[in-house]
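I opened this model to look up its pockets and what lines them. My notes follow.

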Amino acid sequence: MSSQTEQDQLSQQILETASGLYLKYGLKKVTMDDISKAVGKSRTSIYYYYKNREEVFQAVLANLIRGVISEIDANMKKRNTFKEKIEEFCLSKIKTSEERSSFFRAIEAGMDHEEKSKHMTDAHNRMMEAERSLLLNLFSTSISNHEIPAVSVDEQETIIFILQSSIRGIRREFGLKKSFESLNTTVNTLTSMVIKYIK
């Protein structure tokens, strides 16, 4: 095994360990000492990769976002048409958000309003941007393949923003009702509205 591969594995191990500790104790209670002990490496080894707790947390967030986007993208690729891919984006977005909601609740524990605003707004904006790139790529590919009309970039941006905002609202409302029974019908209706608009 190469030294580079070992370094990559240790870096990933640090992030996975930190994620587990955040989930168990909350972000504010986890120290660099805690992470080094849980990984089984010296603090010096941890500091080689990450200078401080904030760097670890930001790397954990980036890793989480990459994982979510990768999962959504893989699910979309299993579908055939533009409409099916948009539907899959919406459904996968809700599924991945629900699966990771306990993590975000844990890292918010003990944060004051200012810290929540800083960290959660940053995470939200990074996720929105990653989703936006994924959907812009879908539009570009679908237009190139003549599956959908040539929608202007401004219109694409508007549709993507409406989709992202709608799906977050839908998830929140279904979550409050504690029932996702009519989710597929709701997502199908939202997707049909998008298709009618662009065609």
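Predicted model: local features only at pLDDT ≥ 70, side-chain atom pairs only at ≥ 80, totals over all residues.

**Pocket linings**

I started with the elements around the largest pocket: α5 (82–108), α6 (113–144) and α7 (153–177) each supply at least two residues of its lining.

I then looked up the volume of the largest pocket, which is about 690 Å³. Its lining holds 19 residues, and I noted S97, S101, F104, R168 and R171 as the closest to the centre.

I sorted the lining of the largest pocket by class. I got eight charged, six nonpolar and five polar residues.

Next I turned to the second largest pocket, and its volume came out at about 180 Å³. I listed 13 lining residues there, with M76, K77, K85, N137 and L138 nearest the centre. For the elements behind this lining, I noted that α4 (53–77), α5 and α6 give two or more residues each.

Which element has the largest share of the lining of the second largest pocket? I recorded α6, with five residues.

By class, I found five polar residues in the lining of the second largest pocket, along with four nonpolar and four charged ones.

Notes
Residues numbered from 1 in each chain as written. Heavy atoms only, no water. 1 Å grid on protein atoms, 1.4 Å probe; cavity = no way out; pocket = protein on both sides within 12 Å on 5 of 7 lines; lining within 4 Å. Points joined across faces, edges and corners; volume = space filled by probe spheres on them. Helix = DSSP H or I, 4+ residues; strand = E, 2+ residues; numbered from the N terminus. Nonpolar A, V, L, I, M, F, W, Y, C, P; charged D, E, K, R; others polar.
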